[in-house]
2 protein chains.
Amino acid sequence: MARSPSSLLSRICCATALGLGLLSSPVFAQTGNTDAMQVDKKELRAPKVIFFDVNETLLDLTAMRSSVGEALGGRDDLLPLWFSTMLHHSLVDSTTGRFHTFGEIGVASLLMVAEIEGIALTKEQAKTAIVTPLRSLPPHPDVHDGLQALKDKGYKLVSLTNSSNKGVYTQFKNANLLSYFDERLSVEDINLYKPDTRTYEWAIEKMGIAAEDAMLVAAHGWDIAGAKQAGWQAAFIARPGKVLYPLAQAPDTVVSGLDELVSQLPDVK
Amino acid sequence: MARSPSSLLSRICCATALGLGLLSSPVFAQTGNTDAMQVDKKELRAPKVIFFDVNETLLDLTAMRSSVGEALGGRDDLLPLWFSTMLHHSLVDSTTGRFHTFGEIGVASLLMVAEIEGIALTKEQAKTAIVTPLRSLPPHPDVHDGLQALKDKGYKLVSLTNSSNKGVYTQFKNANLLSYFDERLSVEDINLYKPDTRTYEWAIEKMGIAAEDAMLVAAHGWDIAGAKQAGWQAAFIARPGKVLYPLAQAPDTVVSGLDELVSQLPDVK
């Protein structure tokens, strides 16, 4: 089976083509393996609130590759396994009626991955590798201009993250993103993790809007899955290495970055 | 940070020592990174039903390394990422009120991992790589004798798996395990995945017993987490590469194999 290093690029190109309305309806969200999922090309409705996922969607997690890799004895290829283990165990907590912060689960997951791989790592070393770097992630290059453009168009922007309240505050402060958001919501307040449907229901209740007036912007297929199941519009940002979950409902649009989303949304001022 | 290839072995040795009562109470479940979790050394109560997880606990998933690796262009190091992605997305389904069989999620997860890694893979190729190999896994070497010994001691044995009904039937048929079990329960019947607490509640209701009369045997920390949260006894089998979830309740015992568990349980005939 041949490797196809160009498939990511072609997916992003496809997403770009989508945004420019170059392809007819319905079109494939992705040109690669998960192309069974189709995105019906349609006008996006103007949401009353645009909710943003944070980690990987706005902030670049690959900046943690070196710290996680260093903790794992040079195995920076284990970053995806660590993040997947963290996401899995956040839902292990949610489905068993327990809660720990995303940072705590991140540390526990790094310890588990290290143990599985036979790499010696103390809890303190794991904390050092994760907590500070996670709170210091840089924004993706399109984020500042994209958020400003959405505000200029009249949209209310709210973050909705698995990070803790303190965590996301510090992340936004370090990335100079605090001023763009009308509210910062953390699942910490309801002791559940996305994509539990109740997290989206709670978020719209907090903002006093109906599901059809909400839109989620996320680079995670599982987050899109939850938002669509809750009756929201959803925009998938095809960040490098991020793919849709082929068994979930399709997003309303697939974009390569926030700039492209801006062009698809009407002015509401 | 030094690699420590011997930590797995030392963990298993520690588990063995536990089983033989060589260590004083409380002792560490693991000697490695997640050693914050302590297992109180105590007598196991005789359960009315012993529930068994299947994949990795009874059947050796590493047999899939070659088929999954082949599908991923030779990258058999991606087996753990594939399995973690599958487990995560099983809970994405559970927490968003949807359901697909474990096999379907396995295929979708392989497609996602391939897409992320830029490896070309069709849905048919992914199915071929997963479905037949998953149903043909060999049992771990201690399984036949261990199950027979538990039956000889008078225990009722029930499987409780994320695999589908058809899937686990075929798995047990191929591994010659059908005859050991009084019942086979699949989460497919309630459209939820372990470790959702409701899967354990449903299982004891099906068997007509109270939580305190149930014991789960599993090689997954997340499964132990769910069973303990549901009020069951839980025995962790420290299969190679399997570790406990350090933020969950500790299991009642950690063993290196079924033979060791047999020695810790009283005769109930």
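**Exercise 1. Count the helices and strands of chain A, and state what share of its residues is buried.**

Chain A holds ten helices and eight strands. Both are DSSP runs, numbered from the N terminus: helices are H or I with at least four residues, strands are E with at least two. The model is predicted; local features need pLDDT of at least 70, side-chain atom pairs count only at pLDDT 80 or more, and totals for chains, interfaces and linings use all residues. Residues are numbered from 1 along each chain, and side-chain values use heavy atoms, without hydrogens and water. Next, burial: 60% of the 269 residues in chain A are buried (under 20% relative accessible area, 1.4 Å probe, protein chains only).

**Exercise 2. Classify two aromatic pairs as stacked or tilted.**

Rings of Phe, Tyr and Trp (its six-membered ring) pair if their centres lie within 6.5 Å; planes under 30 degrees apart are stacked, over 60 edge-to-face, the rest tilted. The count is 14 aromatic pairs over all chains. Take Trp82(A) and Phe83(A): centres 5.9 Å apart, planes at 55°, so the pair is tilted. Now Phe99(B) and Tyr193(B): centres 5.1 Å apart, planes at 15°, so the pair is stacked. Tyr193(B) is buried, with a relative accessible area of 0%.

Note on methods: Chains lettered and ligands numbered in written order. Buried < 20%, exposed > 50% of the residue type's maximum accessible area, 1.4 Å probe, protein only.
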